[in-house]
Amino acid sequence: MNHHQRPLSYASSDEWYTAHLQSLTSESSLLYTYTTAYHGYAVSLDPDQAEALRRSDSVLGVYEESIYTLHTTRTPEFLGLDTGLGLWAGHSTQDLEHASNDVIIGVLDTGVWPESKSFSDLGMPEIPTRWRGLCESGVDFKASLCNKKLIGARSFSKGFRMAAGGGVTKKPKEYETPRDHDGHGTHTASTAAGSHVANASLLGYASGTARGMATSARVAVYKVCWSTGCFGSDILAAMDRAILDGVDVLSLSLGGGSAPYYRDTIAIGAFSAMEKGIFVSCSAGNSGPGRATLANVAPWIMTVGAGTLDRDFPAYAVLGNQKRFAGVSLYSGSGMGKKLVALVYSKENGTSNMCLPGSLEPAQVRGKVVLCDRGINARVEKGAVVRDAGGLGMILANTAASGEELVADSHLLPAVAVGRKVGDRIREYVRSTSNPMAILSFGGTVLNIRPSPVVAAFSSRGPNMVTPQILKPDLIGPGVNILAGWSESVGPTGLARDQRKTQFNIMSGTSMSCPHISGVAALLKAAHPDWSPSAMKSALMTTAYTRDNTKSPLRDAAGGTISNPWAHGSGHVDPQKALDPGLVYDINTEDYVAFLCSLDYSIAQVQAIVKRANTTCAKKFKDAGELNYPSFSVLFGDTRVVRYTRELTNVGPAGSVYDVTVGGPSSVGVTVRPSKLVFRTVGQKRKYTVTFVAKKGKKIRRGGASAAAFGWIVWSNAQHQVRSPVSYEWTTQTQG
């Protein structure tokens, strides 16, 4: 709605929206009115009614409901948060943890299992007086379950209910309460800010002390995801409420496809959050390793990809030819024994090799190990399909899509997941042997795996298709085989037939990497309460590392090759360095408005995001890449020369001097002016201009797609390195 057109006769927006709707249609169902994250309302209409609404002068836009999906113990040590070393300005870890008592993380997900020990409030001080949230009571959730750690729990289901026909669905336990019957929300919330829990494990795997990133921060949970997905109207209502409640960080491990920002519910809500000083962290998506598969790419959002940990869960397949192949597994049952059994791999009906439901003939697989190709259906479902058909075990083999990435699962039968190369060797063995045999065994938990981190194959990739001039993802965090809290109403596989109960589970996905960054952001907020969300984002990005624990460049699990910024963004998060970045690239609301105006959106579309009636495009970048972003995405189209100016703010000591170094492909010339920046005071700002020139005569096209290359720009002194990745894309046929 065009907010400034509200007549004075209406005391509130709610009154105006209701009257406006009634003037256009006598029958409608108003679901939500939004006041903070958005100016407008969600309503159920038929197409004619929607068209009538569009014609109203008071209406800026009418958009159809969108459905978003979830992006499905060791990490604090891996990230250097358990060292007890001084973290910032001479303060200890304990000081920082104490300061984070005042930081509130809002998690939008599937709800929470409040009885989890991860939400213990033992030793926590009183809830900050500024908190305006509450705990909902319901059929399976008492308000008294909240405490000084879990300080809020709400649910939003009107969009979901309307899509399901308006009534309560037939799915059991789908109550309108914050109770988590899926597990995903408990896992993400405890990853961000779970309390210390001793002797945590998943059925013996990954045993140790589990803890979140910011163990003293508060958690507020907003349940927006239900059996059929996460509906945009519900997400926006939750963001609206979370902003009003007083959260400092918003964590959303969910997303949809690429859409213009004025049609992207999460982007619109996140803009309002950013304006209020709230840091918004979102998962990049699990559609990798395909190109241009990212979700949540708005520049005011931290877009988080996934990498591996230095912990693994080895398992082994020994074949009848005595060859032993390594993989991974979280299987915790009694095993197969020590006797080889028949191994079967079938492509007869086109689907049995995928082990889809109903595709296996019991007569062919009973008492045998079944080789299944990864893809299409869930990995744990494949194991259940094999077990239901009478199979004794499963080897789950990657195809080209997943490459060498290994994701461990708590299978219902003995199962080993192997990479593509091993998978191909096992497939060849089955094809070339008259009586193939195999036996599976399991090796528990192993630490200090090298190399790590490695970019997860499933992690969604750039380039950013909404605004190609903004490099995404922003960075990666731990997202493979992560142990965190779990709902006790669902087994570790999430399958209905899995009756096992566990307080912790091991999960993989950018859903898991996102709350790591949310929790680290809470620590940053505690250390630097006056920093803007974009300053925090810059600190996390420019201090990220791009070399693994073997000192080699980060690798990509999809093909085992060297990774690049379209996969890992600025690199892997480094919490300790982020607390003291030296310099930051700050961005204010007016800069973001100028950015939006550079996208050729109409004023109405810009106003839908910015929510200010007097918004104009008086200030407008000639190129969206002029935004003061901590990374660069350079497009060589009709021009060979691209020039951007950036501004750095000194958050390190007074009297700091930085020199620049650049790296990248020989096909691009890079000039930075000035090449030295002197900061006499804390808070001082300095600008520099970088000119990128595509050299003539260089081959810039490969295989019909636009060619890409990557480089970097680093400002450094003895204490700090402020690093920005650069991506280059040639989008025309011309030779420069």
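View 1. Cys355 comes out at 0% relative accessibility, so it counts as buried (buried means under 20% relative accessible area, exposed over 50%, partly exposed in between, with a 1.4 Å probe and protein chains only). Cys372 is also buried, at 0%. The two are joined by a disulfide, S to S 2.0 Å (a disulfide is a pair of cysteine sulfur atoms within 2.5 Å). Its torsion about the S-S bond is about -80 degrees, so it's left-handed. Keep in mind that this is a predicted model: local features need pLDDT of at least 70 and side-chain atom pairs pLDDT 80 or more, while totals for chains, interfaces and linings use all residues. Residues are numbered from 1 along each chain as its sequence is written, and side-chain values use heavy atoms, with hydrogens and water left out.

**View 2. Cys597 and Cys617, another disulfide.** Here the sulfur atoms sit 1.9 Å apart, and the link is left-handed, with -80 degrees about the S-S bond. Cys597 lies in helix H16 (residues 589-597) and Cys617 in the loop between H17 and strand S30 (632-636), so the bond ties together parts that are 20 residues apart in sequence. (Helices, H or I with at least four residues, and strands, E with at least two, are DSSP runs numbered from the N terminus.) Cys597 is buried at 2%, but Cys617 is partly exposed at 25%.

**View 3. Cys282 and Cys514, two cysteines without a bond between them.** Cys282 is in no disulfide, and the nearest cysteine sulfur, that of Cys514, is 6.0 Å away. That's too far for a bond. Cys282 is buried, with a relative accessible area of 0%, and Cys514 is buried at 0% too.

**View 4. The second largest cavity.** About 50 Å³ of space lies in this cavity. On a 1 Å grid over the protein atoms alone, a cavity is a set of points where a 1.4 Å probe fits but cannot get out, a pocket is an open set with protein on both sides within 12 Å along at least five of seven lines, and lining residues have an atom within 4 Å of a point. Among the residues lining the cavity are Met274, Trp300 and Tyr592. Helix H13 gives the largest share, three residues.

**View 5. The second largest pocket.** This pocket has a volume of about 960 Å³, which is the space filled by probe spheres set on grid points joined across faces, edges and corners. Its lining has 44 residues, with Tyr41, Val62, Tyr63, Glu64 and Glu65 nearest the centre.
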